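Here's a quick briefing to read with the model open next to you. Take a look at the sequence and the fold, then work through the notes by topic.

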Amino acid sequence: MFNRISMIGLGYIGLPTATLFAAREKQVIGVDLSQRAVDTINAGRIHIVEPELDMLVRAAVQQGYLRATTTPEPADAFLIAVPTPFTDGHKPDLSYIQAAAHSIAPVLQAGNLVVLESTSPVGTTEQLATWLAEARPDLRFPQQAGDDADIQVAYCPERVLPGKVVHELVANDRVIGGLTRKASEQAVALYRIFVEGACIITNARTAELCKLTENSARDVSIAFANELSMICERLEIDVWELIALANRHPRINILQPSAGVGGHCIAVDPWFIVDSCPEQARLIRTAREVNDHKPQWVIDQIKLAIADALSAQPGKTMADIQVACLGLAFKPQA
Ligand SMILES: NC(=O)c1ccc[n+]([C@@H]2O[C@H](COP(=O)([O-])OP(=O)(O)OC[C@H]3O[C@@H](n4cnc5c(N)ncnc54)[C@H](O)[C@@H]3O)[C@@H](O)[C@H]2O)c1
């Protein structure tokens, strides 16, 4: 059913995903706007940092299963993994998805499946189907024809850990939300090509919110630890001792405070929920604000410590101060 698969966006998510389809001997056409990325991949090399991926890409390209291009070509299934940043005022920027939709629309054929993988606000998969339908009035889409549509459209978010992407793409469970039942079933058949985890069907809106919920849950938990550290500083209590003691409760597991949150997903995705439901998402917004404020709080603490050190040692200047910065990685080595 899916012999030619096209991946739109060959970054940290798209390239490993495309490569795993190619490793299962599917013809994969990778599409990216970046000529440098396309040239690097076609030379059998990678333009991103991810363990194991270079060997897999080299083999897939050499064996003729993976090819990159800047222009979409016809395929049986299209997956979209383009960026979804936010704009001023923390509004989701869907322009990359819209551009991807416009680029694949001319090559869509009846029987195709389109899967959105980009982390997206609720309703984006429906919006994607609308953009495709506007560009291709000659084809029927799920919002018009349901299961009988010429083009099926689904959402399937990604939840991999950078540094372990190749392993987790295969092993993790996938949440798959089609705009129709048929879209979900087709998407399951697509991911089953390489996914060994469970492929669980829901609807597109639930799948979209599921991804945002996962990262918001992390953000809220981290914000709790970060807020505790600021409370403890004010009350002159050692936050590390406090959390270690509290975690001796059999049902408490407080995270460790730090200088904010790491990575590029957790600091972005919760805003997509806040933007959709500003009146309801009060805790999620506050967690974002607590975590966003934490780096400045840490800087202020460092300035205070420097001022204390200078006043305790007359004659010393700023040039004599050494600041140790520990833990520059945002995730521990596996
Ligand atoms: N990186 C992660 O760990 C991770 C995890 C889960 C979800 N996500 C989500 O997956 C999506 C992709 O993230 P990523 O980390 O792979 O991004 P990335 O920046 O590494 O890659 C995106 C690629 O898309 C290309 N691109 C942009 N517009 C395009 C278009 N119209 N046509 C073709 N290519 C286009 C870019 O040139 C880039 O190479 C985002 O929504 C992100 O939030 C990322």
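Predicted model: local features only at pLDDT ≥ 70, side-chain atom pairs only at ≥ 80, totals over all residues.

Numbering starts from 1 along each chain, following the sequence as written. The protein has 12 helices and 10 strands, where helices (H or I, at least four residues) and strands (E, at least two) are DSSP runs numbered from the N terminus. Its C-alpha trace spans about 80 × 45 × 40 Å along the principal axes.

**Domains**
- The domain assignment gives domain 1 (4-203) and domain 2 (212-320); such bounds come from an automatic or database domain assignment.
- The C-alpha centres of domain 1 and domain 2 are 35 Å apart.
- Nine residues from domain 1 and nine residues from domain 2 make the contact, with contact meaning that C-beta atoms, placed from the backbone, lie within 7 Å.
- On the side of domain 1 that touches domain 2 you get five nonpolar, two polar and two charged residues. Here Ala, Val, Leu, Ile, Met, Phe, Trp, Tyr, Cys and Pro count as nonpolar, Asp, Glu, Lys and Arg as charged, and the others, Gly among them, as polar.

**Around the ligand**
- There are 26 residues around the ligand, and Gly9, Gly11, Tyr12, Ile13 and Ser118 come nearest; to count as near, a residue needs its C-beta atom, placed from the backbone, within 6 Å.
- Helix α4 (residues 95-104) gives the largest share of this shell, four residues.
- By class, the shell splits into 16 nonpolar, eight polar and two charged residues.

**Helix α1**
- The cut-offs are 20 or more other C-beta atoms within 10 Å of a residue's own for buried, 12 or fewer for exposed, and partly exposed in between, with C-beta atoms placed from the backbone.
- In α1 (residues 14-23), 10 of its 10 residues are buried, including Leu15, Leu20 and Phe21.
- The cover over those residues includes β1 (4-8), β2, α3 (53-62), β3, β4 (77-80) and α7 (165-171).
- After α1 comes Glu25, with a positive phi near 65°.

**Strands β2 and β3**
- β2 (residues 27-31) and β3 run parallel and are joined by four bridges; strands pair if DSSP finds at least two bridges between them.
- Gly30 sits opposite Ala68 in β3.

**Cores**
- The largest nonpolar core has 62 residues, and Val115 and Ala154 have the most contacts inside it. A core is a set of buried Ala, Val, Leu, Ile, Met, Phe, Trp, Tyr and Cys residues joined through C-beta atoms within 7 Å.
- α1 supplies the largest share of this core, six residues.
- Another core of 15 residues lies apart from it, with Leu212, Val268, Ile273 and Ile284 among them.
- Beyond its neighbours within four places in sequence, Val115 is in contact with Ala77, Leu79, Ala154, Cys156, Ala187 and Leu190.

**Out in a loop**
- Asp138 is in the loop between α5 (124-135) and α6 (142-145).
- Why is Asp138 classed as exposed? Because it has 7 other C-beta atoms within 10 Å.
- Asp138 and Glu227 are 89 residues apart along the chain, and 55 Å separates their C-alpha atoms.

Note on methods. Contact = placed C-beta atoms within 7 Å.
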